[in-house]
Amino acid sequence: MDAPGPALLAVSDLHVGYPDNRPIVSSLAPASDGDWLIVAGDVAETTADLEWALRQLTGRFATVIWVPGNHELWTTRRDPVQLRGVARYEHLVSLCRSLGVLTPEDPYPVWPSPAGPVTVAPLFLLYDYSFRPDGAATREEALEIARNAGVICTDEYRLHPDPYASRHEWCHARVEATRARLAALNGAPVVLVNHWPLVREPTRVLRYPQFAQWCGTDLTADWHTAFSAAAVVYGHLHIPRTTHYDGVRFEEVSVGYPREWRRQQQRRPPRPPWLRQILPAPGAP
Ligand SMILES: [Fe+2]
Ligand SMILES: [Fe+2]
């Protein structure tokens, strides 16, 4: 039998600050020499841990593509790198560049599919509290409902938006700049990669619906159709699964925390394998 051709694979939410997740990173390996790996955010909370993980992966995969999750953007006391907000993000981008890892700040790479080239667009879009809970008409009301329910994302204390005045303003700036880059693809097929889901639907199954406001923005609700997405890759929810919206495949590719993936492995059927194949599309000839 022929060896499999190269594949575009994806994983996210490796959370290597948990010692039990580190062997998972060490186990991630390509099936073919030409495999690419998308790492869709929440690798780690310190720059040293991010470097530890990415350095291993670049040693094994032909190309590694990273987008930031909220955890990489946290400024914590445990990290000697005390940069905040945009300065922190830019520092992480330069770390990636020193390792040869592609980021949302690089030209979008093109996956050389036998069925025709597919652009891979790593995005960094953040969230703007527009996935509001029922009964909330404004951002302030949404936060108040979450507070009253005892559901507050740690981002409120650790993900600083500097020099923007707020995370939602940073989000809107990212959305505007990214929309222009995607429009310039003129409808060519693209795999969209973002830590947070581009549409709200996946957040409907969250155990705490108030948490959805930290999970994305309504501004990207039609991007999967408007920009001819071949597939959309995301994480953040720690609910690994494949769904379809408007006929487009969405892959939530997270590993998650040890207590979560252990529980998911015990289910029938168990959680998907760590690495998800994005292209060739599973089942495609
Ligand atoms: Fe995560
Ligand atoms: Fe996250």
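This is a short tour of a predicted model, stop by stop. Residues are numbered from 1 along each chain as its sequence is written, and chains are lettered from A and ligands numbered from 1 in the order in which they are written. Local features need pLDDT of at least 70, side-chain atom pairs count only at pLDDT 80 or more, and totals for chains, interfaces and linings use all residues; side-chain values use heavy atoms, leaving out hydrogens and water.

**Stop 1: the iron ions**

Select the iron ion (ligand 2). D42 (OD), N70 (OD1), H195 (NE2) and H236 (ND1) coordinate this ion at 2.1 to 2.2 Å. Donors here are N, O and S atoms within 2.8 Å of the metal (3.2 Å for Na, K and Ca); water is not among the atoms, so sites may look incomplete.

Check the angles next. Those among the four donor atoms of ligand 2 run from 91 to 159°, and the site is irregular. Four donors count as tetrahedral if all angles lie between 85 and 135 degrees; four count as square planar and six as octahedral if opposite donors are over 155 degrees apart and all others between 65 and 115; anything else is irregular. Ideal angles are 109.5 degrees for four tetrahedral donors.

D42 bridges the two iron ions, which lie 3.5 Å apart. Along the chain, the donors of ligand 2 are spaced D-x27-N-x124-H-x40-H. One pair, N70 and H236, links distant parts of the chain, 166 residues apart. N70 sits in the loop between β3 (63-66) and α3 (85-99), H236 in the loop between β7 (229-234) and β8 (241-245). Helices (H or I, at least four residues) and strands (E, at least two) are DSSP runs, numbered from the N terminus.

Buried means under 20% relative accessible area, exposed over 50%, partly exposed in between (1.4 Å probe, protein chains only).

**Stop 2: G41**

Select G41, in the loop between β2 (36-39) and α2. G41 is buried, at 0% relative accessible area. Leaving out residues up to four places away in sequence, G41 touches S12, D13, L14, V67, P68, G69, E72 and H195. Contact means heavy atoms within 4.5 Å.

**Stop 3: helix α3**

Select 85-99. The 15 residues of α3 should span 21 Å, and the end C-alpha atoms are 22 Å apart, which agrees. The expected span is 1.5 Å times one less than the number of residues. Buried residues of α3 include Y89, L92, V93 and L99. The buried residues of α3 pack against α2 (47-58), β3 and α6 (167-183). Just after α3, G100 takes a positive phi of about 80°.

**Stop 4: backbone exceptions**

Most residues other than glycine have a negative phi, and most peptide bonds are trans. Select H15, in the loop between β1 (8-11) and α1 (22-27). H15 has a positive phi of about 40° and is buried at 2% relative accessibility. Go on to N186, in the loop between α6 and β6 (190-193). N186 has a positive phi of about 55° but is exposed, at 71% relative accessibility.

Finish with two cis peptide bonds. R268 and P269 are joined by one, with omega about -5°; P269 is in the loop between α8 (258-266) and β10 (276-279). L279 and P280 are joined by another, with omega about -10°; P280 lies in the segment after β10.
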